[in-house]
Amino acid sequence: MADSSKILFAGDPHGDFEPLISAVKKHQPEAAVLLGDYELKKPLQDYIQEIIGETKIWWIPGNHDFDPPEHYHNLFSSQLAEQSLHLKVVDIAGVKVAGLGGIFLGRVWYPPHSPKWKSKRHYLNSLPVSVESTEISLKYQSAIWQDEWAELKKLKADILVTHEGPRSHRHGFIAIDQLAEAMGVKKVFHGHLHEHYSARIRNGIQVFGVRNAKVVDLLGNEL
Ligand SMILES: [Zn+2]
């Protein structure tokens, strides 16, 4: 196993896990990090049974993992539910990896604009009493909330994985750049935009966009 392939990153599978499975078999990484948008018609483990046990699987959710609800349950109630990296920093193969899933939603927070709701609590408290909702809808759960982003920002990491892109991509968001900078990461890997590229943002941070259903190594090379 080459050092550059001890962790692999998989772009939005949208139901196609074959490239991930063959990359894991070929390169035998210590871990594989999945960048969101799985569109799971059955539980996640059923798609990747062949490589469970061969490598450690970690994942963040994308925007397509909340609707319809079966997609949500096939991820968040799967056997790999505990392997979510969302809003965490985890030591993976000796590297501190931070995760931020979800997307920026106009009805919650669309940087650089100020957030419509500062937190899930703030939003729930605003609902009319007649709604009596204590659970946030799946659509709203797919959003990046400013208070959760701010908490993650206080932590340190070597690599940040996100579903949304930073400003290195024309459809990216400054809030991802700010998060990467504050956390002191050297590299960002993101999915969602279905484009393979590498770029640098402030502080020399390297950004790698990962194409849908493709896999890259730690140097951003598509495998
Ligand atoms: Zn997406």
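1. Basis. Because the model is predicted, local features need pLDDT of at least 70 and side-chain atom pairs count only at pLDDT 80 or more, while totals for chains, interfaces and linings use all residues. Residues are numbered from 1 along each chain as its sequence is written. Helices (H or I, at least four residues) and strands (E, at least two) are DSSP runs, numbered from the N terminus.

2. The sheet. Four strands form an open sheet in the order β3-β2-β1-β10, and the pairing is mixed. The edges are taken by β3 (56-59) and β10, each with a single partner strand, so one side of each has no neighbour in the sheet. Two strands count as paired if DSSP finds at least two bridges between them. Strands of a sheet pair through backbone hydrogen bonds, either parallel or antiparallel.

3. Strand β1 and its partners. β1 (residues 7-10) runs parallel to β2 (residues 31-34), with four bridges between them. L8 has A32 as its bridge partner in β2, and F9 stands opposite V33 in β2. β1 and β10 (residues 215-216) run antiparallel and are joined by two bridges; here the bridge partner of F9 is V216.

4. Sides of β1. Which residues of β1 point one way, and which the other? I7 and F9 point one way, L8 and A10 the other way, and all are buried. A residue is buried if 20 or more other C-beta atoms lie within 10 Å of its own, exposed if 12 or fewer, and partly exposed in between, with C-beta atoms placed from the backbone.

5. The crossover. Between β1 and β2 the chain passes through helix α1 (residues 18-27), and this β-α-β crossover is right-handed. The term means that, with the strands pointing away from the viewer, the path from the first strand over the helix to the second runs clockwise.

6. Helix α7 (174-183). Its buried residues are A175, I176, D177, L179, A180 and M183. They pack against β5 (95-100), α6 (146-153), β6 and β7 (187-190). Just after α7, G184 has a positive phi of about 75 degrees.

7. The α6 and α7 pair. Two packed helices are described by the angle between their axes and the distance between the axes. The axes of α6 and α7 come within 9 Å and cross at roughly 25 degrees. Axes are lines fitted to C-alpha atoms, for helices over the stretch in contact, and angles run from 0 to 180 degrees between N-to-C directions. The two helices are therefore roughly parallel (angles under 35 degrees; over 145 is roughly antiparallel, 65 to 115 roughly perpendicular and the rest oblique). W149, L152 and K153 of α6 meet A175, L179, A182 and M183 of α7. Residues are in contact if their C-beta atoms, placed from the backbone, lie within 7 Å.

8. Two histidines. Is H71 buried or exposed? H71 lies in helix α3 (residues 69-76) and counts as buried because 20 C-beta neighbours lie inside 10 Å. Leaving aside neighbours within four places in sequence, H71 is in contact with E39, L40, H64, D65 and F66. H171 lies in the loop between β6 (159-162) and α7, and counts as exposed because 10 C-beta neighbours lie inside 10 Å. Not counting residues up to four places away in sequence, H171 touches G165 and L193.

Key
Contact = placed C-beta atoms within 7 Å.
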